[in-house]
Amino acid sequence: MPAKRSASSAAPKLLSGGNPQIAKGEGDAPVQAYIAAMPDWKRAVGARLDALIEQAVPGVHKAVKWNSPMYGIAAGEGWFLSFHCFTRYIKVAFFRGALLQPVPPEPSKSADTRYLHILEDGVLDEARFLDWVRQASELPGERM
């Protein structure tokens, strides 16, 4: 009988829609584990999003919570952005997105939150994304 793989060496489970199930944790390592576990084309997009966020906000605080990478200015100061994998797209959440100019295109049940959906064949407007990230990082963070 083959030996069982330990939990630490097993590949992360993909939840519905292909979102990686990653243990919550603070810092860059859990975020990089999440990105490495993103399926297919989403992995490269996740890595690019992370790089753009770091470019826009040097020293950004990172964590994985609720199976999603979270970005904030500092520990305990709340979060300004996260993203999450769905079957056909990556959903980027700007927690105070209703205050951004221009407002990100996708509405939310929350009056404050707005979303950006990134599709496989879509083109990310990096200049616009960087501007939104900079604006979002200057607003009060969402405490979760």
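Strands here are DSSP runs of E with at least two residues, helices are DSSP runs of H or I with at least four, and both are numbered from the N terminus. Two strands pair if DSSP finds at least two bridges between them.

This is a predicted model, where local features need pLDDT of at least 70, side-chain atom pairs count only at pLDDT 80 or more, and totals for chains, interfaces and linings use all residues. Residues are numbered from 1 along each chain as its sequence is written, and side-chain values use heavy atoms, with hydrogens and water left out.

**Exercise 1. Work out the strand order of the sheet and which strands stand at its edges.**

Step 1: Line the strands up. You get an open sheet of 6 strands, in the order E1-E2-E3-E4-E5-E6, with antiparallel pairing.

Step 2: Look at the ends. Strand E1 (25-26) and strand E6 (114-119) each have a single partner strand, so one side of each has no neighbour in the sheet.

Step 3: Zoom in on one pair. E2 (residues 61-65) and E3 (residues 68-72) are joined in the antiparallel sense over 5 bridges. Within this pair, Lys 62 sits opposite Tyr 71 in E3.

**Exercise 2. Find which residues of helix H2 are buried, and where they sit around its axis.**

Step 1: Get the helix's length. H2 (residues 41-56) has 16 residues and reaches 23 Å from its first C-alpha to its last, close to the expected 22 Å (1.5 Å a residue, times one less than the number of residues).

Step 2: Pick out the buried residues (under 20% relative accessible area, 1.4 Å probe, protein chains only; exposed is over 50%, partly exposed in between). They are Trp 41, Lys 42, Val 45, Gly 46, Leu 49, Asp 50, Leu 52, Ile 53 and Ala 56.

Step 3: Check their directions. These residues cover an arc (taken from the directions from the helix axis to the C-beta atoms) of only 165 degrees, which puts them on the same side of H2. Here's the general idea: an α-helix has 3.6 residues a turn, so residues three or four places apart point the same way.

How values were computed:
Contact = heavy atoms within 4.5 Å. Axes fitted to C-alpha atoms, helices over the stretch in contact; angles between N-to-C directions.
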